[in-house]
Structures are given as structure tokens and as C-alpha cells.
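Open the model in your viewer and keep the selection tool at hand. We will go stop by stop.

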Amino acid sequence: DGGGDLLKRFYPFTISSSSSSSSSEEEDGGTTMIGNVIQHGESQSFSNSALLGMLFGKVKESVSTTWLRQQTINTTATVIMPPLSMAVACPPDMSAAAQQQVVDAAYAAGIDTVQLVDRSVAYQTSYIRKFPE
């Protein structure tokens with residue numbers, strides 16, 4: 001079951017919870033689950049921070065590629081990518097350890113600045129952008 005994800009069958013990998021009891025560790029008051037990533041028949045285990053860091057790395061790559069493509073449409077000059085900042089919406093009950101894992105993942109992905117914002121603030125900002133007065 002894809003958990004509602006209709007595209008799961010097209011992914012070149014699968015992610016599942018580790019079955020060993022040692023896969024869930026208490027770390028600074030938060031729970032760290034280790035996920036198994038299976039790609040090309042080989043299984044590797046990664047922490048939440050590592051998996052999120054990989055995702056942030058792909059987001060950074062996509063944003064950088066798009067930004068550079070837009071900047072070089074009408075110029076042949078060399079363009080330098082400015083520092084990348086990211087805002088991540090978090091639920092209000094997210095533990096401090098989990099918040100630190102998000103910050104660590106962004107740092108590992110090479111994101112220059114990461115800001116954790118409450119989910120309601122993210123909704124409000126999106127609404128204001130979509131429906132300006």
C-alpha cells in the first residue's frame with residue numbers, strides 16, 4: 001500500500017521502517033527512526049535527518065537549476081547563485097529534537113538559511129500571497 005501515494009509504484013526505491021528493535025533510538029528526548037531504502041535490490045539504512053537531507057538536496061538542486069535557467073535566458077554572462085534560504089512549516093507539537101533534525105538536514109544539504117515556522121503561519125502567508133488585498 002502506498003499510503004495514498006498513487007505514484008509509489010514508479011519510484012526507483014522503497015522506504016520501510018526497520019524491523020529490528022534497535023532501529024528506534026531515544027536521542028535528546030526525541031525518537032529517531034531508521035528507514036530502510038531499497039534501491040536496485042540493495043538495502044541501506046538511514047536516519048530521518050539523512051533522508052530529509054537527501055530530499056532537501058534534491059530541492060536545492062531543482063531550485064538552483066530553475067533559477068540559473070531563468071537568469072541566463074537573455075544573457076551570456078556568468079551568473080552566480082545567491083545564498084539559498086528555506087522556510088519549513090512544522091506542527092505546533094514538534095519536539096525540539098525533531099526541529100533540530102530538520103535544521104541539521106538542511107545544513108547537510110547545503111541550505112544557507114533555514115527557518116522553522118508554525119504551520120498556521122505558513123497557511124497565512126500562502127493565503128496572503130494567493131489573495132492579496
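Select Glu 61 and Lys 58. They form a salt bridge, with the closest N and O atoms 3.8 Å apart. This is a predicted model. Search the whole structure and one salt bridge turns up. Now show helix H1, residues 48-71. Glu 61 and Lys 58 are three residues apart in H1, so about one helical turn separates them. Next, check the surface. Lys 58 has 53% relative accessibility and counts as exposed, because the cut-off for exposed is over 50%. Glu 61, at 46%, counts as partly exposed.

Move on to strand S5, residues 85-90. Its side chains alternate. Color Met 86, Val 88 and Cys 90: they point to one face and are buried.

S5 and S6 run parallel, joined by six bridges. Pick Ala 89 and look across: Val 117 in S6 stands opposite. Then trace the chain from S5 through helix H2, residues 96-108, to S6. This β-α-β crossover is right-handed.

Last stop: the second largest pocket. Its volume is about 170 Å³. Select Ala 87, Gln 115, Val 117, Val 121, Ala 122, Thr 125, Ser 126 and Arg 129 to display the lining. Which helix gives the most to this lining? H3 does, with five residues. H3 covers 119-130, and S6 also supplies at least two lining residues. Color the lining by type: four residues are nonpolar, three polar and one charged.

Conventions
Residues are numbered from 1 along each chain as its sequence is written. This is a predicted model: local features need pLDDT of at least 70, side-chain atom pairs count only at pLDDT 80 or more; totals for chains, interfaces and linings use all residues. Side-chain values use heavy atoms; hydrogens and water are left out. Buried means under 20% relative accessible area, exposed over 50%, partly exposed in between (1.4 Å probe, protein chains only). Helices (H or I, at least four residues) and strands (E, at least two) are DSSP runs, numbered from the N terminus. Two strands pair if DSSP finds at least two bridges between them. A crossover is right-handed if, with the strands pointing away from the viewer, the path from the first strand over the helix to the second runs clockwise. On a 1 Å grid over the protein atoms alone, a cavity is a set of points where a 1.4 Å probe fits but cannot get out, and a pocket is an open set with protein on both sides within 12 Å along at least five of seven lines; lining residues have an atom within 4 Å of a point. Grid points are joined across faces, edges and corners, and a volume is the space filled by probe spheres set on the points. Ala, Val, Leu, Ile, Met, Phe, Trp, Tyr, Cys and Pro count as nonpolar, Asp, Glu, Lys and Arg as charged, and the others, Gly among them, as polar. A salt bridge is a side-chain nitrogen of Lys or Arg within 4 Å of a carboxyl oxygen of Asp or Glu.
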